[in-house]
Amino acid sequence: MDHVRQAEQEIVLGEVTLRRFRGEADLPEFFQVIEESLEHLRPWMPWVAEHSRAKTTEFLAERAELWESGRDFTYAILLDGAIVGACGLFRREDTAENGREIGFWLHPAATGRGIATRTTRALTEQAFRLPGVDFVEIVHDPANHASRAVPIRLGFTEHARRPAEALAPAETGEEQIWRLRRA
């Protein structure tokens, strides 16, 4: 394993822990959390339309290779030991080599407690520990006000807006990109 390019496998933030997914071992609990969150996620997450046990199994199975490649560090978000969502630090095909993006979602019962903000702060810190990473982005639909609040709280600045295909019911056809540069 190339330790230089790896993020921490577990990040403890008080009662919240970010833990690298454990593949098949996480399937029952993670699938249940998604099931309980479908209506909450449906307006913003296009993958919800194709949600199934098979898709969740495939998602979890892909995490190990993506982690080892240094391309995508995906974590289960745990609150008092129970999975309440997922987050990731990744680089898309069109993202500059010196940048990473953060994504996150939470079970509706876990929202409004600062968990997304703490998670994003921790992933931002992880990104800047990786060699060559100079900036971090958060990308969301401008109509998703809950997602918008997180980068604002953390001092990200609006970097750009770009057209995007509206794939989920509430999406507007635009993406808002927030950026934070290494200090």
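**Exercise 1.** Determine which residue's side chain meets that of Arg42 in a salt bridge, and classify both partners by accessibility.

*Solution.* The side chains of Arg42 and Glu39 form a salt bridge, with N to O at 2.7 Å. The criterion is a side-chain nitrogen of Lys or Arg within 4 Å of a carboxyl oxygen of Asp or Glu. For accessibility, buried means under 20% relative accessible area, exposed over 50%, and partly exposed in between (1.4 Å probe, protein chains only). Arg42, at 30%, is therefore partly exposed, and Glu39, at 58%, is exposed.

The model is predicted: local features need pLDDT of at least 70 and side-chain atom pairs count only at pLDDT 80 or more, whereas totals for chains, interfaces and linings use all residues. Residues are numbered from 1 along each chain as its sequence is written, and side-chain values use heavy atoms, with hydrogens and water left out.

**Exercise 2.** Explain which parts of the chain the salt bridge between Asp134 and Arg182 ties together.

*Solution.* The closest N and O atoms of Asp134 and Arg182 are 4.0 Å apart. Asp134 lies in the loop between helix 3 and strand 6, and Arg182 in the segment after strand 8 (174-181), so the pair ties together parts 48 residues apart in sequence. Helices (H or I, at least four residues) and strands (E, at least two) are DSSP runs, numbered from the N terminus. Asp134 is partly exposed at 34%, as is Arg182 at 35%. The whole structure holds 16 salt bridges.

**Exercise 3.** Identify the residues that touch the most other members of the largest nonpolar core, and the element that gives its largest share.

*Solution.* A nonpolar core is a set of buried Ala, Val, Leu, Ile, Met, Phe, Trp, Tyr and Cys residues joined through side-chain atoms within 4.5 Å. Among the 30 residues of the largest core, Leu18, Tyr75 and Ile77 touch the most other members. Elements giving two or more residues include strand 2 (16-20), strand 3 (72-79) and helix 3 (115-129). Helix 3 supplies the largest share, six residues. Leu18 contacts (heavy atoms within 4.5 Å) include Tyr75, Ile77, Cys87, Ala122 and Leu123, residues up to four places away in sequence not being counted. A second, separate core of 15 residues includes Ile34, Val48, Ile83 and Ala86.
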